Each structure stands twice: as C-alpha cells, then as structure tokens.
Amino acid sequence: MPSPTERSLVLVKPDAVRRGLLGEVLARFERKGLVIEALEMRTMDAALADQHYADHVEKPFYPPLKQFMTSGPLVAVVLSGDEVIDVVRSMIGATDGRKAAAGTIRGDFALSNRENLVHASDSPESAKRELALWFPDLAL
Ligand code: CMP
C-alpha cells in the first residue's frame, strides 16, 4: 500500500488578508504543485489562539501575537503534496521577515517577526494536531 500523501495546516494570517496578499500566497503554493484540499476564512478567537499556539502561551511574545492573530479574518488551508510540510516551510522562509531569504513569502513581503504573513505546521506531529484543531471533520 502506498503511504498517503502528507498534509500541512497553513494559516494565511490577518496581515496577509488585510494587505491583499491572499491570492499571491495561495498562487505560490498552487504553482509549486501543492493541492489545496480545504480552505476556510474565519477569525480566530482567544480560545482557539491558546490551543493553536499551546507551545507559545508562556512566552513573552505571546500576548501581542494573540492580539494580532485575533485581529481580523485569516484563511486556514489544508495543503497536500509530497513532503508538503518541509516544502511549505522552505517556501515561507525564516520566522523573522527581516531575515527570511528573498524568494520566500516572508522574505519577499514581510518586515516583522510577528506579522509574518503565514503559519505552517513544522512537523508531522504538529500537522496532525493542528489539522484536527482547524478541520475536525476532515478525514485524516
Ligand atoms: P508562526 O509560524 O505562526 O509560529 C509562532 C509565531 O509567533 C510566529 O509565526 C510569529 O508570528 C510569532 N513569533 C515567533 N517569535 C517571535 C518573536 N520573537 N517576537 C514576536 N513574535 C514572534
């Protein structure tokens, strides 16, 4: 039996939506050959922020991150493809947009380490957890 195609949970963050970069970001993933399996625009509430960023809630940068992530609509996306988790992480670039390489999404469009346009699962374990949180009805 072939192994099922890998999936990643991507959030196109409120700054990207506000700046009209949703199409640009999604187009890059599509052009790469990744598949958009599900997509939903919604506004994160405080409880979902605490669950999604469970690893970060105690960090000093978390309160302003939570404020930012709940500040307006974002787009949650399920992407699939061969090694999609690593592929997407390399396409979005380093967390800090000022340091992210040119050619990456953050490197091309972000100047902040908080308002950095895109979140993507960083491991199969976090993908599983995040996909269950954002798309509980999706058969995994
Ligand atoms: P993300 O990939 O969504 O994962 C955690 C988020 O926290 C990260 O992107 C940034 O938006 C934010 N973040 C990480 N490190 C810092 C930092 N040092 N200062 C501010 N925000 C940060």
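Predicted model: local features only at pLDDT ≥ 70, side-chain atom pairs only at ≥ 80, totals over all residues.
Entry 1. I then listed the lining, which consists of 22 residues. Those that lie nearest the centre of the pocket are Y53, H56, F61, T95 and H119. Sorted by class, the lining of the largest pocket has 8 charged, 8 polar and 6 nonpolar residues.

**Entry 2. The ligand and its shell.** I next asked where the ligand sits. I found the ligand in the largest pocket. Around the ligand I recorded K13, Y53, H56, F61, L65, T95, R106, N113, R114, N116 and H119. I divided this shell by class into 5 polar, 3 charged and 3 nonpolar residues.

Entry 3. Which side chains place a polar atom by an oxygen atom of the ligand? For Y53, I noted a polar side-chain atom 2.5 Å from a ligand oxygen. For H119, I noted an N or O atom of the side chain 3.1 Å from an oxygen atom of the ligand. I also looked up N113, where a polar side-chain atom lies 3.3 Å from a nitrogen atom of the ligand.

**Entry 4. Cover.** I finally checked how far the protein covers the ligand. On its own, the ligand has 450 Å² of accessible area, and the protein covers 81% of this.

How values were computed. Residues numbered from 1 in each chain as written. Heavy atoms only, no water. 1 Å grid on protein atoms, 1.4 Å probe; cavity = no way out; pocket = protein on both sides within 12 Å on 5 of 7 lines; lining within 4 Å. Nonpolar A, V, L, I, M, F, W, Y, C, P; charged D, E, K, R; others polar. Near = heavy atom within 4 Å. Polar contact = N/O pair within 3.5 Å; in protein donor to acceptor, adjacent residues only side chain to side chain. Areas by Shrake-Rupley, 256 points an atom, 1.4 Å probe, with all protein chains shown as cover. Sits in = over half its atoms within 2 Å of the grid points.
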